[in-house]
Every structure is written in structure tokens, then in C-alpha cells.
Protein chains: 2
Amino acid sequence: MTTRVPQERRRRRPTRSGVLLSEDLIVETALRLIGEHGPEALSVRRLGAALGCDPTALYRYFHGTDDLVLAIADRIIGDAMAGFTPGDDWVASLREMALRVRAGYLAHPRAAAMAAHRVTRRRNEIRAVETGIGLLLTAGFPPADAARLYLAFIDTVLSHAATEAAFHALTPQQREADHRSWRDVYQDLDPTAYPSLTAVRRELPAMADSSFEPAVDLLLEALAARARR
Amino acid sequence: MTTRVPQERRRRRPTRSGVLLSEDLIVETALRLIGEHGPEALSVRRLGAALGCDPTALYRYFHGTDDLVLAIADRIIGDAMAGFTPGDDWVASLREMALRVRAGYLAHPRAAAMAAHRVTRRRNEIRAVETGIGLLLTAGFPPADAARLYLAFIDTVLSHAATEAAFHALTPQQREADHRSWRDVYQDLDPTAYPSLTAVRRELPAMADSSFEPAVDLLLEALAARARR
DNA sequence: GCCTTACGTCAACAGGGTTGACCCAATATG
DNA sequence: CATATTGGGTCAACCCTGTTGACGTAAGGC
């Protein structure tokens with residue numbers, strides 16, 4: 001489609017069914033669709049049906065599916081970071097950022113699973129990057145280090161959150177089977193072939209737990225150690 | 001399709017073009033297709049064309065696209081860890097494990113991106129867990145810590161590798177747009193609204209680089225520090 | 001009240017996964 | 001060797017998908 005997607009729209013026209021479309025309404029409806037019926041429920045045609053408009057009307061608001069996905073991702077980031085202000089303790093603030101991102105992803109697990117790996121280039125994401133790098137600058141890191149270390153930090157947070165979101169997006173049956181496998185499969189192993197697993201056998205059921213916070217804490221430990229030098 | 005996919009096939013019949021199909025041949029051809037013509041080249045129809053058979057013949061070997069993807073993922077894991085033996089230096093060994101997993105994913109980004117968040121507790125994965133926990137045990141961690149820390153480590157590695165694979169699985173246009181955004185969008189920001197981003201402005205193009213190794217190194221630093229205590 | 005244009009609608013195209021029916025040839029059996 | 005069985009390759013068909021260009025109508029500026 002050659003039509004441009006304008007920044008502001010003043011003239012809006014109700015659809016055949018009387019709905020006034022808007023970028024926000026479309027994103028919200030998409031999130032609802034995904035949340036209710038899974039990621040595969042998000043298609044231009046289904047979204048149009050849910051909105052009560054012709055599917056191709058969406059192309060007046062987004063350049064294509066990819067653009068829509070990015071808008072959804074940015075919306076999730078915005079909701080997660082809403083009202084957050086960094087405090088004096090930069091480690092604690094980064095930790096809260098991590099937990100907020102994770103909570104935002106888990107609020108829309110299925111949407112997060114499909115949008116997590118993208119750079120949205122939109123307002124909410126830019127704001128979050130500004131905040132995170134600002135925290136590392138106050139920690140005393142020189143600009144080059146602050147940028148690189150923030151990237152390592154946020155990529156880890158986002159990757160972990162995406163993994164958790166993907167897990168939560170599974171059906172209860174799949175999730176249950178996953179949990180069981182740590183008990184069942186790993187418990188009946190040949191001790192001579194798998195000595196280490198046998199040694200930690202009683203700890204394996206805990207492997208079904210989330211590693212999000214341990215991993216974030218390890219990372220923040222390393223960052224704090226480097227900041228001290 | 002109601003037809004079952006049998007374990008062993010004895011009767012095989014050449015296709016119209018004379019090829020003898022097999023599960024291995026199909027998986028290999030799928031990987032070759034992805035490698036040569038990009039990630040979007042993997043579809044049942046194209047795979048059939050590349051094999052010289054009717055697309056629906058593949059349903060005699062796999063229940064559907066999902067089943068095929070899992071078979072591909074299994075091969076990727078096997079290839080990545082093939083021939084790996086841990087050395088005396090547990091930090092270096094964990095590092096090599098991380099790099100191998102990443103390389104395996106990046107060798108087949110789209111397949112990895114599709115299957116990365118799915119848990120396949122097969123032989124290769126069990127072996128990897130055995131090796132990794134063994135390394136943390138030789139580092140002196142008590143069993144409970146070894147299990148939890150290995151989980152944090154491998155989840156970080158897998159999550160990062162999945163993120164990178166997902167990025168490489170994007171279309172060239174999407175990837176290019178992602179790279180550009182760090183140069184373009186983030187360069188024209190209002191300095192008063194975004195002071196930290198302005199301060200690190202010259203470092204931002206580097207944000208398009210991978211954070212895999214910095215993140216893994218931070219994690220290994222923290223693990224080594226904890227092992228010393 | 002006219003003119004412009006934003007934008008909702010429509011028809012169409014190319015490509016996707018998956019299905020059930022068909023039928024031939026490769027094997028098992030006598 | 002001849003016959004029966006059936007694995008599995010083929011085909012047509014179905015409904016899904018994203019995306020396009022043309023069209024027309026109603027909203028807003030003047």
C-alpha cells in the first residue's frame with residue numbers, strides 16, 4: 001500500500017458498524033485478541049472483524065503487520081514502566097526496572113512472546129533506555145561502558161522475560177508436562193553415566209522454578225563489582 | 001491428516017523425480033534451504049519443491065510443521081554439542097558451552113527462533129545439563145547451589161541465543177531498520193528531555209552489536225567471585 | 001455550499017498449511 | 001513365480017494469510 005501513515009489524524013470517519021478507529025483502540029483490541037485466543041489469533045482479518053471494520057482499514061494506521069507488532073511491544077513497555085522514577089540506589093533501581101519489565105511481559109505473555117525480540121524505536125522504549133543508561137552514568141561508568149553494560153543488562157532482562165513469557169503462554173497441559181519432566185525424566189538416570197545429575201538429584205525439581213531473579217542478581221553483582229573498581 | 005507417522009519404514013518408493021525420501025534427508029534439505037535462500041524459504045511447499053516431491057508427501061514423515069521444526073531443533077542441538085568435552089578450567093568450559101550453543105542457534109536462526117522457547121528434554125539436552133552441573137560441582141559449589149546457578153547460567157545463555165537467533169531470522173528489511181534506528185532515531189533527540197542518551201550519543205551505534213559475550217562474561221565473573229567465597 | 005482529501009470499503013492476487021481420495025509399486029506371502 | 005496387501009507419493013481442493021490498488025463517501029476548511 002502506498003498510503004502513508006500520518007502522525008496526527010483530525011478527520012476520522014466511523015466504520016460501517018459505527019466504531020471510531022484509533023491507534024490505541026487497535027493495539028488494545030490486538031492485545032485482547034492475543035490474550036484470549038493466542039498469538040495465532042492475531043491476523044489482519046481477525047483484528048478487523050474484532051474491531052468491526054474492514055481488515056484493510058488497519059493499513060491506514062500501520063504500515064503492515066510488523067509495524068503493528070512493534071506498536072504492541074511499545075505499549076507493553078509503556079504500561080510496565082508507567083509511574084517508575086529511579087531512586088538514589090542505582091542497583092536497586094535497575095533491579096526494579098528488571099522486575100517491572102518482567103511483570104509487564106507476564107501481564108501479556110502471549111503478546112510478549114511474539115514481540116519481545118524487537119526494537120520498537122518508539123517513545124516508551126526510548127524513555128526506558130534513557131532511564132537505564134542514566135542509572136549507569138550515575139554509578140560512575142564512563143559513557144562508552146554505560147552504553148555497552150546497559151545493553152548487556154537489558155538484553156538479559158528482556159531475553160529472560162521473553163523466555164518466561166513464552167513458558168506462560170503454553171497451555172496448562174504443556175506447562176504441567178514440562179514440570180513433570182524435571183521430576184520424571186531426570187530422576188531415573190543411570191548413576192554411572194550421569195554422576196553429577198545423580199549428585200544433585202534432590203535439587204532438580206527446583207529446576208522448574210524461574211531463574212529470572214537469580215540471573216538478574218548475578219548480573220547486578222558483577223556490575224556493582226566493576227563500578228567499585 | 002489421519003495417517004500415522006511410523007517409527008521405521010521398510011517400504012519406500014521413489015518420488016516422481018526419483019528421490020528416495022527419508023526423515024534425515026528432509027531435515028537436511030530444510031536446513032540447506034534456510035541456509036541458502038534465507039529463513040522465509042522454509043515452507044512445506046518450497047521444501048517439497050526442493051526435495052523433488054509433492055509437498056504433501058512430507059506429511060508421511062512429520063505430523064505437521066511443528067513436528068518438522070522439532071526434528072530440526074533436535075539436530076541443531078546435537079550438532080552444536082558434538083565432540084565437546086569439558087576441560088580442567090570450569091569457567092572456560094562453561095564459556096565454551098555458551099559459545100557452542102550460540103553458534104548452533106546462529107547456524108540455523110529461523111529454526112532456532114521457532115523452537116528456542118520450547119523445552120525438548122531429549123538426550124542431548126540431558127547430557128548438556130550433566131556436563132554443566134558437573135562443572136559447577138568441580139568449582140566447589142554445594143549441590144543445591146550448583147543446580148540453581150547452572151539454571152541461571154544456562155537460561156541466560158539460551159535466552160540470549162534465542163534473542164540473537166530471532167534477530168537473525170528477521171527479514172533483511174527488518175534487520176536493517178533495527179540497525180538504522182540506533183543511528184537515526186536515537187540521534188535526533190531533545191537534549192533536555194533525554195540528557196543521558198545525549199551524553200552517550202556517540203556510543204549508541206554500538207548498541208546494534210551483540211551483547212552475548214559481555215553478558216556471559218559478566219555472569220561468569222559473578223560465578224567465579226561466588227566460588228572464591 | 002463547495003472542494004479537497006482522509007480513510008473506510010471492496011475485489012483480487014499470491015502464497016501459506018492441511019485434508020481426503022486416489023492409485024501405483026514395493027514388499028510379504030503362498 | 002503369482003498374488004494380495006499396504007505404504008506412501010500424488011492430486012485437487014479448502015480455507016487461511018498479508019497486501020495491493022481502485023473506488024467512493026463523508027468530514028472539515030474555506
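A residue counts as buried under 20% relative accessible area, as exposed over 50%, and as partly exposed in between. By this scale Arg32(B), with a relative accessible area of 41%, is partly exposed. The model described here is predicted. It holds 24 salt bridges over all chains and 0 disulfides. Chain B is superposed on chain A by a rotation of 178° with a shift of 0.8 Å along the axis, at an RMSD of 2.1 Å.

**Relation of the two chains**

- The rotation that brings chain B onto chain A is 178°, and the two copies are thus related as by a two-fold rotation axis.
- Both copies use the same surface, since 93% of the contact residues of chain B recur in chain A.

**Cysteines**

- Over all chains, the number of disulfides is 0.
- Cys53(A) is buried, because its relative accessibility of 12% falls under the 20% limit.
- Cys53(B) likewise counts as buried, at 11% relative accessibility.

**Salt bridge Arg118(A)–Asp66(A)**

- The closest N and O atoms of Arg118(A) and Asp66(A) are 2.6 Å apart, and the two residues form a salt bridge.
- This pair links distant parts of the chain, 52 residues apart: Arg118(A) lies in the loop between α5 (109-115) and α6 (123-138) of chain A, and Asp66(A) in helix α3 (residues 65-81) of chain A.
- Arg118(A) is buried, with a relative accessible area of 11%, whereas Asp66(A) is partly exposed at 26% relative accessibility.

**Salt bridge Arg32(B)–Glu36(B)**

- Arg32(B) forms a salt bridge with Glu36(B), with 3.5 Å between the closest N and O atoms.
- Helix α1 (residues 23-37) of chain B contains both Arg32(B) and Glu36(B), which are 4 residues apart, about one turn of the helix.
- Glu36(B) is partly exposed, because its relative accessible area of 49% lies between the limits of 20% and 50%.

- Glu213(B) and Arg95(B) form a salt bridge in which the closest N and O atoms are 3.2 Å apart.
- Glu213(B) belongs to helix α10 (residues 212-228) of chain B and Arg95(B) to helix α4 (residues 90-107) of chain B, so the pair ties together parts that are 118 residues apart in sequence.
- Glu213(B) is partly exposed, with a relative accessible area of 34%, and Arg95(B) is partly exposed at 27%.
- In chain A, salt bridges that share partners join Arg95(A), Arg102(A), Glu164(A), Glu213(A) and Asp217(A) into one network.

Key: Residues are numbered from 1 along each chain as its sequence is written. Chains are lettered from A and ligands numbered from 1 in the order in which they are written. This is a predicted model: local features need pLDDT of at least 70, side-chain atom pairs count only at pLDDT 80 or more; totals for chains, interfaces and linings use all residues. Side-chain values use heavy atoms; hydrogens and water are left out. Copies are superposed by least squares on the C-alpha atoms of residues with pLDDT of at least 70 in both. Contact means heavy atoms within 4.5 Å. A disulfide is a pair of cysteine sulfur atoms within 2.5 Å. Buried means under 20% relative accessible area, exposed over 50%, partly exposed in between (1.4 Å probe, protein chains only). A salt bridge is a side-chain nitrogen of Lys or Arg within 4 Å of a carboxyl oxygen of Asp or Glu. Helices (H or I, at least four residues) and strands (E, at least two) are DSSP runs, numbered from the N terminus.
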